[in-house]
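User: Could you walk me through reading a helix pair in a model like this one?

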Amino acid sequence: MSDQVQSHRGGHFMDLTRRIAAVLGPTLTAVTGSEMVNLGIWQDVHPTVVYLNGLVFLIGGLVIATAHNHWRLDFSLLVTLSGWLLVIAGAFRMFFPTAQQLGPGFSTYILIAALFTLGIALTLFAFLRSEK
């Protein structure tokens, strides 16, 4: 029996969810916070950088999506959706590296704020003890 099947049967799936959230949450918070401060760097970015950024997103998303592809209506769904969102965003950036990057604007700030909030939520879930 595989380790993954054993961990699911043993009730340790939330441990995996917490471990992924412990990496993804702070990373997402740092990335969105730094992008807010440095939003202008994407104005004149070379398509090669966009492509490589997409490759990193794709690989990270595939790691999460393959290790944590559970569609339950609980907190673990945020981790699964985050993985698949990274896969889609990464593939888009790889196939369309010359597409216009988001610049300063209301929709950009809303997107960054939403992703920052997701990062905070994942971080809190990962590091705060749940009541048992």
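This is a predicted model: local features need pLDDT of at least 70, side-chain atom pairs count only at pLDDT 80 or more; totals for chains, interfaces and linings use all residues.

User: At what angle do the axes of helix 4 and helix 5 cross?

Analyst: Helices are DSSP runs of H or I, at least four residues, numbered from the N terminus. Axes are lines fitted to C-alpha atoms over the stretch in contact, with angles from 0 to 180 degrees between N-to-C directions. Here helix 4 (residues 76–95) and helix 5 (residues 106–127) cross at roughly 135°, their axes coming within 11 Å. That makes helix 4 oblique to helix 5; oblique is what remains after under 35 degrees (roughly parallel), over 145 (roughly antiparallel) and 65 to 115 (roughly perpendicular).

User: Which residues meet there?

Analyst: Contact means heavy atoms within 4.5 Å. From helix 4, L78, V79, S82 and L85 meet L115, L118 and L122 of helix 5.

User: Which residues of helix 4 are buried?

Analyst: Buried means under 20% relative accessible area, with a 1.4 Å probe and protein chains only. In helix 4, the buried residues include V79, S82, G83 and R93. S76, also in helix 4, is buried with a relative accessible area of 0%. S76 and L16 are 60 residues apart in sequence, yet their C-alpha atoms are 9.2 Å apart in space.

Technical notes:
Residues are numbered from 1 along each chain as its sequence is written. Side-chain values use heavy atoms; hydrogens and water are left out. Helices (H or I, at least four residues) and strands (E, at least two) are DSSP runs, numbered from the N terminus. Buried means under 20% relative accessible area, exposed over 50%, partly exposed in between (1.4 Å probe, protein chains only).
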